[in-house]
Amino acid sequence: MSEATSNGAVPQSNLNLSNWPDIKFVMQGADGGDVTLICTPATYWQTDAYQAGYAAFQINNGGNFPLSILGLPLFNNYYTVFDRTQNPYGTINFAPIATT
C-alpha cells in the first residue's frame with residue numbers, strides 16, 4: 001500500500017479486502033466451552049475513516065487514536081444482546097447475522 005495519512009488511514013482504492021484474513025477470537029461461552037467469534041476484514045478495516053475515500057485498520061495499540069477491536073468492528077458481524085439480569089456481571093449473547 002502506498003501513502004498513508006498522518007493518522008494511518010490508507011486510500012480505499014489500494015485496499016483489497018480479500019487479501020486480509022478473518023480474525024478469530026476464542027472466548028468462554030455461557031456453558032464454559034469455547035466460542036469462536038470472527039471479525040471480518042470488512043469490519044476491522046473501517047472505510048471512509050477520518051475522510052472519504054480512506055480506510056483505517058482498527059487494531060491499534062495506542063498512539064493518537066487508541067481503538068478497541070472488541071467493539072463495533074466485532075459486533076457488526078453479529079446480533080449482540082447485553083443482558084445484566086443473568087448474573088452479577090451480566091452476559092453477552094451473540095448470534096450470527098444470516099446472509100441471504
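User: Two strands pair if DSSP finds at least two bridges between them. In which sense do β1 and strand β5 pair here?
Analyst: β1 and β5 (residues 54–57) are antiparallel, with two bridges between them. Strands here are DSSP E runs of at least two residues, helices are H or I runs of at least four, and both are numbered from the N terminus.

User: Before we go on, what kind of model is this?
Analyst: It's a predicted model, in which local features need pLDDT of at least 70, side-chain atom pairs count only at pLDDT 80 or more, and totals for chains, interfaces and linings use all residues. Residues are numbered from 1 along each chain as its sequence is written, and side-chain values use heavy atoms, with hydrogens and water left out.

User: Thanks! How many helices and strands does the chain have?
Analyst: There are two helices and seven strands. Starting at the N terminus, the order is β-β-β-α-β-β-α-β-β.

User: Back to β5. How many bridges join β4 to β5?
Analyst: Three, and β4 (residues 45–47) runs antiparallel to β5. Glutamine 46 sits across from alanine 56, while threonine 47 has alanine 55 as its bridge partner.

User: And what do β4 and β5 form?
Analyst: A hairpin, with six residues between the two strands. In that turn, aspartate 48 has a positive phi of about 55 degrees.

User: In what order do the three strands stand in the open sheet?
Analyst: The order is β1-β5-β4, with antiparallel pairing.

User: New topic: is threonine 43 buried or exposed?
Analyst: Threonine 43 is buried, because its relative accessibility is 10%. Buried means under 20% relative accessible area, exposed means over 50%, and partly exposed lies in between (1.4 Å probe, protein chains only). Threonine 43 belongs to helix α1 (residues 41–44).

User: Which residues is threonine 43 in contact with?
Analyst: Setting aside neighbours within four places in sequence, threonine 43 contacts Pro73, Asn76 and Asn77. Contact means heavy atoms within 4.5 Å.

User: What about lysine 24: buried or exposed?
Analyst: Lysine 24, in strand β2, is exposed because its relative accessible area is 57%. Without counting residues up to four places away in sequence, lysine 24 touches Thr36, Leu37 and Ile38. Its C-alpha is 6.4 Å from that of cysteine 39, which is 15 residues away in sequence.

User: Which residues form a nonpolar patch on the surface?
Analyst: Leu17, Trp20 and Phe57, with about 220 Å² of accessible area together. Areas come from the Shrake-Rupley method with a 1.4 Å probe, and for residues only the protein chains shown count as cover. Patch residues have over 30% relative accessible area and no salt bridge (a Lys or Arg side-chain nitrogen within 4 Å of an Asp or Glu carboxyl oxygen). Like charges are joined within 9 Å, and nonpolar side chains (Val, Leu, Ile, Met, Phe, Trp, Tyr) within 5 Å.

User: Where is tryptophan 20 found?
Analyst: In the loop between β1 (10–11) and β2 (23–28). With a relative accessible area of 31%, tryptophan 20 is partly exposed.

User: Last one: what share of the chain do buried residues make up?
Analyst: They make up 25% of the 100 residues. The accessible surface of the chain is about 7,000 Å², and 52% of that belongs to carbon and sulfur atoms.
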